[in-house]
Amino acid sequence: MIKYIFKRFYHMILVLFIVSIIVFFVMSFTGDPVLMLVPLDATQAQIDAARIELGLDQPLLVQYGIFLKNLLRGDLGNSYAFKQSAIKLIIERMPATFELVVFSIIISIFLAIPLGVYAGAYPKKRSSKTIMLASLLGISLPNFWVGMMLIFIFAVQLQVMPSFGRGDIIEIVGLRLSILTKDGLKHLILPAVMLSIQSMAVLLRLTRAGMMEVMKQDFIKFARAKGALTRTILFKHALKNVLIPVITVFGIQIGKIIAFATVTETIFAWPGMGKLLIDSINRSDRPVIVAYLLVVSFIFVCLNFFVDLMYTFIDPRIDLR
Amino acid sequence: MRSKYLLVFSLVSLLILSTGLICKAAQEEIVIGLGSDALYLDPHQQNETTTNMLVSHIFESLVEATADLEIVPALAERWIRYSDTDWIFHLRKGVKFHNGNDLTAEDVKFSIERVRTTIIANMVAPIAQVNIIDDYTIEIITAEPYAVLLRDLRGIKIVDKDYVSAVGDEYFNLNPIGTGPYKLQEWIKADHITFVANQDYWGKIPEFKQATFKPITNVATRTAALLSGDVDFIVNVPVRDTIRIERSPNLELIRKPSLRLIYLHVDGWRDRSPTIDLPVNPLQDLRVRQAIYYGINIDAIVKSVMNGHAYPAEQYVQSTHLGYLDGIERYPYNPEKARELLKEAGYPDGFTVTLDSPNDRYVNDALVAQAIASQLAKIGIKIELNLMPKSLFFDYVRPGDKSSLVMSGWSATSGGAGRMYEVFLITRDKYEGYGGSNRGHYSNSEFDRMVLKASSTASIEERDEYLQEATKIALNDLALIPLYYQEDLLAKKDFIDYTPRVDNYILAHEMRRNK
Amino acid sequence: MTKLKIGVLSASVNAENKWSQFLQSEFYFNYKRNIAAIAGTILIILFLLMATVGPLLVPQNPYNLQEISILDAYKPPAWAEDGELRYLLGTDSQGRDILSSIVYGTRVSLFIGITGMLFSCIIGTVLGLVAGFFGGKIDSLIMRIADIQLSFPATLIALFIMSISGRGIVNLLIALTLVGWVIYARTVRGATLAEKKKEYIEAVKVIGLPNYKILFKHILPNVFTSTIVIATIQVGSFVLTEATLSFLGVGVPVTRPSLGLLVKNGYDVLFSGLWWASTFPGLFIMLLVFGINMLGDFMRDELNPRLK
């Protein structure tokens with residue numbers, strides 16, 4: 001087990017290293033950031049001075065060497081636009097994104113599991129079929145379009161929901177959260193709904209498929225024959241057996257939600273790290289893009305690591321190799 | 001039966017999630033929706049409009065400008081110009097930084113020297129020497145006679161030497177201390193920046209005790225936020241939203257002609273043009289440039305793309321500016337004449353050419369470029385559009401080697417056509433520091449002579465004369481094809497009284513409460 | 001012997017026979033009773049028709065600058081006040097007919113979705129076959145790359161690729177192929193491994209058939225069903241990915257708008273009340289992907305229960 005963990009850990013570092021190389025070198029071939037920073041009427045001398053100040057006059061390999069050395073110290077360079085540590089900028093925005101992601105996950109779990117259990121338990125019912133079709137529609141919806149429509153209907157036409165931003169924020173143990181204020185919660189709902197639709201549909205289908213398998217099994221038939229309450233059968237016996245694969249697959253789903261948060265944050269002007277990424281792409285703010293990708297890669301790699309561990313932990317049949 | 005509960009449970013949890021209450025803002029506070037956030041709050045970083053505007057709440061300069069850009073005393077109470085190069089500034093006494101430190105000549109010298117070490121060092125380049133005479137008197141000597149020193153000083157915010165030296169640049173960037181009418185209360189990047197009134201301010205204490213600026217990048221969301229009451233004031237109202245705002249009972253739209261000219265650079269002074277697959281460059285022929293001018297229906301663009309919120313331009317600066325010529329008129333839209341001119345020039349079937357344009361820099365820029373392409377198609381000039389975000393655009397067009405037609409904008413904030421001509425139209429690579437963005441490779445030695453003469457004279461009247469002469473030459477050559485001036489659109493709630501500024505800064509301390 | 005038998009079999013099955021076989025199959029029996037699958041098929045056929053012959057039927061070619069006039073900009077749909085019958089679903093900022101733009105945009109979206117799928121499918125299948133058949137270093141290299149890539153969401157990888165390579169149809173296809181091949185490679189590799197162990201492969205190996213012939217003639221047809229299910233669903237997901245990228249401004253060029261870019265173009269004026277320019281293209285994306293998913297879902301259930 002320990003050996004396996006070490007192996008996975010080594011693998012993690014390797015992946016991050018490869019990502020850092022790809023990201024850094026590829027970014028170096030994109031537009032010249034210096035010309036973005038100097039005024040329109042700057043002379044060549046000013047442009048050169050700016051280039052030296054940003055360290056962009058060094059050869060690429062030297063730039064990567066400096067970058068890697070700093071990376072090990074947790075310093076991914078300063079944002080061209082903000083003149084601040086890029087990694088700090090990302091970390092600063094992280095709570096907003098995580099709040100959104102977590103809230104979306106909660107919404108999808110609270111809706112998808114009961115609906116999935118229902119649809120799996122009574123697959124022949126018309127309502128189940130409707131639920132399944134709706135979930136298919138959920139997967140087919142263009143995410144960004146849903147967000148636009150939500151704003152258009154609830155914020156612009158009905159004016160019952162705020163259209164952008166996070167609302168009131170309170171700070172709790174250094175984390176700035178909006179979920180705990182009434183205003184903040186209200187701001188959170190539309191983006192979270194938009195973000196949760198896809199994962200809700202996926203989760204629902206997964207739960208249903210698992211339920212259908214389990215319901216065929218003997219112990220359920222046995223419990224039924226014994227005359228146990230339907231609710232007890234569904235939630236105590238069946239769901240328990242379904243939940244394990246669902247949770248592990250959901251780990252991967254979190255990664256997708258984080259990725260799609262970039263779109264949601266852009267539409268709702270949600271000040272998270274996804275919006276920072278899109279803004280930085282538009283600004284050619286290379287250090288921030290690099291930092292975002294490395295931070296997100298780190299999150300994903302950790303996530304996969306834990307999902308793998310969990311999987312092996314839960315199901316001892318899995319070969320550790 | 002039980003199954004029904006599951007459905008109900010699901011629906012109830014959705015309902016619980018979607019409840020909420022509406023909060024109301026107090027009158028002491030004002031919330032302003034901007035197009036972007038500040039990048040930093042250290043006033044000596046790069047030169048970025050929104051950032052400059054926001055730091056102007058916290059920091060002040062020796063001189064400031066009124067809404068009409070008239071220079072007025074600020075931290076300097078008065079000044080005397082002893083010679084062409086020698087200026088003495090007398091500082092206002094009793095001015096305190098937000099941390100209680102007194103403003104002295106040391107701070108002014110420190111601030112100017114600090115700018116020298118940054119990316120905007122060119123702003124202080126003309127200043128040769130800064131001498132402290134006493135605590136409240138400072139002497140600035142320029143290397144050469146420099147008439148617009150005061151205008152430049154406006155851009156140099158004064159910081160507290162002791163504070164900056166003590167806390168370091170990075171901390172200062174996030175915790176700025178200045179002398180301005182507002183203090184920073186909180187800055188959550190990309191969400192809001194909140195200022196509170198500085199009760200010890202030397203001037204008039206702002207009427208609104210708290211001012212919050214929110215970056216709302218999406219133009220349409222900004223309007224929605226104003227309509228729903230989330231914000232009290234917005235900038236850059238989308239042109240399609242103006243009617244809705246005008247119809248809303250508690251809202252008011254402010255329209256103001258902008259200084260920003262949108263125009264076309266034409267690559268008409270090289271034998272070959274990079275995007276035209278012909279042995280000769282058709283744009284070299286004045287008749288072809290005229291045909292393009294005749295072929296653009298600017299009124300239709302103003303009406304349909306800008307929803308009426310723009311003004312057709314007939315030359316390069318407005319009547320308030322040096323270099324403006326009386327009696328110039330736009331070529332009227334005349335596709336027949338355009339086709340005729342093309343035929344005369346030897347291009348009866350037109351030709352294909354690429355138009356470079358940004359798509360996120362000016363109001364509806366991509367739409368205007370598309371409209372131009374569609375209009376020119378009707379006279380036979382086939383336009384390939386090359387639309388880029390501004391992050392790539394300026395990089396792409398700067399050397400001028402890849403472009404034949406470029407749509408771009410220029411805001412003549414310095415009060416004359418001079419700077420624009422120096423940057424865009426003086427012959428490339430001929431005079432140090434001039435013509436660096438001459439994307440059309442325009443070259444006319446008489447024009448160059450006029451502009452250089454205008455730059456070196458101290459007399460406003462002479463300068464105007466030379467620049468007018470230059471305008472005449474450039475218009476005859478069609479060095480640039482003028483399109484239109486933008487209109488600045490602001491919207492606010494009725495309770496705010498605000499006079500828009502020529503430089504487009506939105507300053508909370510200039511807002512009053514309507515009685 | 002075996003070789004001969006297979007050869008004879010495949011030659012004797014002519015198209016007509018196959019069709020009648022298909023009509024009697026369980027697959028077709030279930031299909032007839034599955035409303036969603038039929039609806040999906042109809043939607044797909046409609047969209048394919050729209051993309052192929054649609055341009056002949058619509059009133060305007062939105063790419064032809066001669067035909068459009070900016071003076072017709074932002075006309076509402078025909079049934080609304082100020083609407084005109086020739087602009088059934090209204091017009092956009094340049095006076096382009098929305099319905100015509102949707103027809104042309106569907107073409108772009110479907111072209112990208114299908115071509116991207118084909119590239120991914122070919123590259124992924126070949127790599128999967130190679131990895132599964134030869135095993136060893138090649139296998140672990142390919143699968144290691146696949147593993148690493150699978151730990152990142154496809155949309156994010158594509159977004160990153162597009163943000164550095166710039167918008168453009170070729171770049172999009174490259175980005176989609178780079179994120180799309182993995183799933184084929186994995187599935188095909190698994191199927192190949194399973195197939196490789198079977199007797200008949202051992203047999204053809206013994207008679208000295210070259211590797212490539214074994215791969216393409218004997219193994220490939222057996223992994224075909226799982227591939228076709230993935231391919232169907234992937235077209236839908238690529239259409240969505242392309243739309244998302246175009247919405248973020250890193251997708252197709254503005255001169256050839258896909259459905260996603262049409263939504264983005266309309267987004268700028270949606271909150272100003274000009275709702276038609278973005279609502280209709282979005283609806284069409286949804287219908288297209290929904291149709292593909294309805295059919296794909298059915299096919300997955302029928303052909304490949306393992307993938308559920």
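Contact, as used in these legends, means heavy atoms within 4.5 Å. The structure is a predicted model, in which local features need pLDDT of at least 70 and side-chain atom pairs count only at pLDDT 80 or more, whereas totals for chains, interfaces and linings use all residues. Residues are numbered from 1 along each chain as its sequence is written, chains are lettered from A and ligands numbered from 1 in the order in which they are written, and side-chain values use heavy atoms, with hydrogens and water left out.

**View 1. The interface of chain B and chain C.** On the side of chain B, 21 residues are in contact with 21 residues of chain C. The size of an interface is often given as the accessible area lost when the parts come together. Here the buried area, that is, the accessible area (1.4 Å probe) that two parts lose on being put together, summed over both, is about 1,800 Å², and carbon and sulfur atoms give 57% of this area. B:Arg240, B:Gln370 and B:Lys378 supply 25% of what chain B buries against chain C, more than any other three residues.

**View 2. Polar pairs and elements on the chain B side.** Between chain B and chain C there are zero salt bridges by the rule, which asks for a side-chain nitrogen of Lys or Arg within 4 Å of a carboxyl oxygen of Asp or Glu. Eight residue pairs, with both residues at pLDDT 80 or more, are in polar contact between these chains; a polar contact is a pair of N or O atoms within 3.5 Å, where within protein one must be able to donate a hydrogen and the other to accept it, and residues adjacent in sequence count only if both atoms are side-chain atoms. The elements of chain B that give two or more residues to this side are α7 (219-227), α10 (298-305), α12 (365-377) and β15 (382-388), helices (H or I, at least four residues) and strands (E, at least two) being DSSP runs numbered from the N terminus. With seven residues, α12(B) gives the most to the side of chain B that touches chain C.

**View 3. Domain 1 of chain B against domain 3 of chain B.** An automatic or database domain assignment supplies the domain bounds, and chain B is divided into domain 1 (29-37 + 170-257 + 488-513), domain 2 (59-165) and domain 3 (258-487). Nine residues from domain 1 of chain B and 13 residues from domain 3 of chain B take part in the contact. Between these two domains the buried area is about 990 Å², with 52% given by carbon and sulfur atoms. B:Val239, B:Arg240 and B:Pro257 supply 51% of the area that domain 1 of chain B buries against domain 3 of chain B, more than any other three residues.

**View 4. The salt bridge of B:Arg255 and B:Glu487.** One salt bridge is found across the interface of domain 1 of chain B and domain 3 of chain B. In the salt bridge that B:Arg255 forms with B:Glu487, the closest N and O atoms are 3.0 Å apart. Five residue pairs, both residues at pLDDT 80 or more, are in polar contact across the interface of domain 1 and domain 3 of chain B.

View 5. Strand β6 (residues 127-134) and strand β7 (residues 137-142) of chain B run antiparallel and are joined by six bridges, where two strands pair if DSSP finds at least two bridges between them. B:Asp134 has B:Thr137 as its bridge partner in β7(B), and the hairpin joins β6(B) to β7(B) through two residues.
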